[in-house]
Amino acid sequence: MSSSPTDVQLVDVLMPQMGTSMTEGTIVAWSKAVGDALAVEETVCEISTDKIDTECPAPVAGTLAEILVAVGETVDVGTVLARIAAGAAAPPRRYSPVVQRIAAQHAVDLARVPGTGRGGRVTKQDVLAWIEQGGNGAAPPADERPLHSESPYRPEPVAAPPPAAPDDLGGVAAPLSRMRRSVGAAMRRSLETAATCTTVVECDVTHVERRRRELGLTALPLIARAAIETLRDFPELNATLEGDTLTRYERVHLGIAVSLGADGLIVPVIHDAQELAVEGLGARIKELARRARARQLTPDDVRGATFTITNPGQYGALIATPVINQPQVAILDLEAIVKRPVVVTAPDGSDAIAIRPLVNLCMSWDHRALDGAYAAQFLTALRRRLETP
Amino acid sequence: MAVRTYLQAISDGLREEMRADERVFVMGEDVGAFGGAFKVTDGLLDEFGPERVRDTPIAEAGIVGTAVGAAIAGLRPVCEMQFADFVACGFDQLVNVAGKMHYRLGLAAPLTVRLPSGGGFSGGPFHSQNPEAWFMHAPGLKVVAPSTPQDAKGLLIAAIRDPNPVVFLEHKHLYRRVKGEVAEQSEPTPLTARVARAGSDLTVIAYGAMVHVALEATEDLDGASIEVLDLRSLVPLDEQAILASVAKTSKVVILDEANATCAAGAQVAALIAEHAFEDLDGPVRRLATPDVPIPFSPPLEDALLPNVARVKEACRELLAY
Amino acid sequence: MAIAAELSQLLSDEDRRGLLRHMLLMRAVEERGLSLYKQGKVPGSFYDGRGQEAVSVGATWALAAADPVCSPLIRDLGSHLVKGTDLADLFRHYMGRENPLSRGREGNVHFGDRRRGVVGMVSMLPDMMVVAVGLAMAFRMRGEERCALTFFGDGATSRGDWHEAMNWAGLDRLPVIFVLENNQLAYSTPTQRQFAVNPAERAAGYGIAAVTVDGNDVEAVFAATHAARERALAGEGPTLIEAVTMRMHGHGAHDDMRYVPTELVAAWAERDPIVRFAAAQEAHGLDVGALREEVDAAVEAAVAAALATPMPDPAHAAEGVFCVGEPEPLGNGLAPWSGFAPVEAGVA
């Protein structure tokens, strides 16, 4: 993000004392992310105490500079939960000459335009896209489930070329859009770089389904949490490979693929996902998807992933061979959950037929970094975790 | 149309103009019997004879100065400096006599000075220079620098027919490396820029050999749509084309093979900063050879001249800005 | 060179009158110009060729209409006058006023009327010598019966362009006449500090014939140039004519030439080119007094016309750097020598 001026004042947000008997409180949800602008009194986070659930208002206007306590953590009253860089409601953004000119010509309030350029700056494409979308920003599509794939997105240029006349076979030629070209280039580069193989393991998600209903979440954060835990035992998969250099990570920076509709796909990253419980992962995934669709992601939001999960199951496909998100060494694709008759073995050893929801855990992995046996072992370990109540 | 090398196209242009206009003649060191150090004038002596294909002593001031005299007398001399680097020996005649003549005396000096320029082949400090900026800075001289065979021929014809002194930069590294379609009986190429490839995300501005580096570097760069503008003429500079391209893409990288300080690209950058300020979505980037005499050993020379990798990097950085 | 006998055939009485008239004119113009300069009416610097009038007048008198002078230098105003440069335009030019010769873009003796076959000089000497060689080369290429003439001083022979021009012209035996005005000084530098060997002696090293004449004898200068022209047109190549003379004023009006021994100046004053030639013509019956009056009147009229001319319009200061369309050709000058058929000045 853009740097703060050296004389910025950092103001603490403290766990409030809601009643004299309160000694501690738990963070339920963060309403703002680091870098977001805050007006004074605006809700920073939601907390839960033994007496009451409430919100913490921002004591000053400024920008949320640090979050110090994760969702689900319980801390004493008076603990610093977050810090706000006090000052203007947002750090003053600077607009390039062409952006100012276009904004003036179209009466655009640049403060509302999300920036995808370096340091979050508003680029020419950003303001043009804003205008094309009617100045309201992109409304999130009704379907919120993340979809497969990755690429740095860039909105279409304003004017589309006129469609060509059909040729004698009825074919109408048109150049590929920039988004398509960009995605295509990224896909090709990945397939040309990695020795991509795919392994599939079938998983019974009966317990997953039950648990997710209890928590009011989708299956994705549950599977994500299980994957993170399993990666601890299979560190070769939580890694990046560049040239001949393999970098393993103790922390898991989890990429979650998000569909942007006609504007393609993007993979925002949950950094240090290992610190989040299932609910925290669910909330973070929801928040990232929202920001992605509102074009509010920063470059830091999309870099540094060590493992990616994509979840296009809603479209009904059973198996897929996803393309690895460079420079990672693996990507996990969750396809449709389908009820099937399966053989279940009772404790006494007798077999019976039962109806179970099954999903295929499809993982593409880079044979330059690891072998099929390792990949299969990871997937079966993940499956066991998911199938264990 | 025929496919010709850049060198052949220049020869063709010379030959056609000499056939069409008996005032046109060629002058330089080793251009006649030997056919020229690079064989550009090969065969001309046989066809046109020693009065019109003149082998001169080693005397660059003499070549340029006598060309001025002949031009005043109504002829159309086409001088050759054996290497662009040696034009320095004729600098005074070119800048002080030829360049200033029309302004001061109303006397035109329609001469052409061909400069085989540029490096990239271990020519060393005295056989690799790109001196165009010296002459852009001298009032009264036109300066052209083709990158394609068609433009090499067309701009040479334009130079010969121009009533003013024209410095013609032919990049010797392109002589046999670049081939293209060239019209027989070409028309003069206008002294304007040419869009070598249209694009919308970023413009690379270049001339001479650097046009080919620019095209190669931006052919397939992360799916970005990159425009390459070939300046072709440095004096006059096609300001309109430059500003139109910047208005379209808002991001520009300017390439010079010449030494960076006060190279042609510096003038282009100043023009953009002054007249296209409101079209810019990023800083104006320049890539040029550093202010170093061109070294001889290949790894040293390669480290200094702009190349495809460096152009890609600069474009990527600016695209991400 | 024994020329006295042939001179009576070469030069008529009219020629001699003309030669004197042009020397008087050159001196009168320069005296008047210096006076105007001291009155602040002439910007920049002022240079004259006092004491050297015989060189430029005598040499140019031998040229045909189509033989260009490229270029007269700052001591060679006489060359401009013989070729027919308009006097009023000349004063306009000196004073930086609007004029067809230079349009205010050049000053002092840096000019040349291209319509009269005169190419103006540049300050870098002897650049124009090389250009003259190029003109001669063009005449040879086109088989024209023309030659080019150039002036340069003793100092200019030290620069590289002198060598390149000599070598080039001698190699191809081009129809060019090299007039070396040896006036003893290049600004403050005497010839003893300019070269080890006199350039006229070195000419043979380039395959070029050389002759030394008394530069203050206008007839001798004429004769030598005439002979050089004949040689040139006969294909015998260039001639270097060393005209020995003396610069009687400083380098410019700003220079009082205190570095010159007064005895030297006094000795040369005795050999003033105009004084002795005028005396000779008077002895032959020419009314020199009337000639002087006519010359002075012409100069006054020119000065008056020039003073009435406005300065150039600054709006046009940046125009004309490039030629647009067809170039205007180099014209022909006057050729008053009686040995030529009368010609009209202007375009050939």
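User: Within chain B, what share of the contacts with a separation of 6 or more is accounted for by residues 24 or more positions apart?

Analyst: This is a predicted model, and in it residues 24 or more positions apart account for 78% of the contacts in chain B that have a separation of 6 or more. Chain B has 321 residues, of which 62% count as buried, and its secondary structure consists of 11 helices and 14 strands.

From there one can turn to how chain B meets the other chains, beginning with chain C. The contact between these two chains takes 31 residues from chain B and 38 residues from chain C. On the side of chain B that touches chain C, helix H3 (60–72) and helix H4 (91–105) of chain B each supply at least two residues, and the largest share, nine residues, comes from H3(B). Sorted by class, the residues on this side of chain B divide into 17 nonpolar, 11 polar and three charged.

Chain B also touches chain A, in a contact that takes 13 residues from chain B and 15 residues from chain A. Here the side of chain B that touches chain A has four nonpolar, five polar and four charged residues.

Some care is needed with the partner in that second contact. Chain A averages a pLDDT of 85, and 89% of its residues score at least 70, yet over residues 1–6 of chain A the pLDDT is below 50, and this stretch has nine contacts in the model beyond near neighbours in sequence. The pLDDT also stays under 50 over residues 137–158 of chain A, for which the model has 68 contacts beyond four places in sequence. Where pLDDT is low, the predicted coordinates should not be read in detail.

Two packed helices are described by the angle between their axes and the distance between the axes. In chain C, helix H2 (residues 13–38) and helix H3 (residues 53–61) pack at an angle of about 135°, with their axes 9 Å apart, and H2(C) and H3(C) are therefore oblique to each other. The crossing of H2(C) and H3(C) is right-handed. From H2(C) the residues C:Leu19, C:His22, C:Met23, C:Met26 and C:Arg27 take part, and they meet C:Glu53, C:Ala54, C:Val57, C:Gly58 and C:Trp61 in H3(C). By class, this contact of H2(C) with H3(C) has six nonpolar, two polar and two charged residues.

Notes: Residues numbered from 1 in each chain as written. Chains lettered and ligands numbered in written order. Predicted model: local features only at pLDDT ≥ 70, side-chain atom pairs only at ≥ 80, totals over all residues. Contact = placed C-beta atoms within 7 Å. Nonpolar A, V, L, I, M, F, W, Y, C, P; charged D, E, K, R; others polar. Axes fitted to C-alpha atoms, helices over the stretch in contact; angles between N-to-C directions. Helix = DSSP H or I, 4+ residues; strand = E, 2+ residues; numbered from the N terminus. Parallel < 35°, antiparallel > 145°, perpendicular 65-115°, else oblique. Left-handed = near helix turned anticlockwise from the far one by under 90°. Buried ≥ 20, exposed ≤ 12 C-beta atoms within 10 Å, placed from the backbone. pLDDT = per-residue confidence, 0-100.
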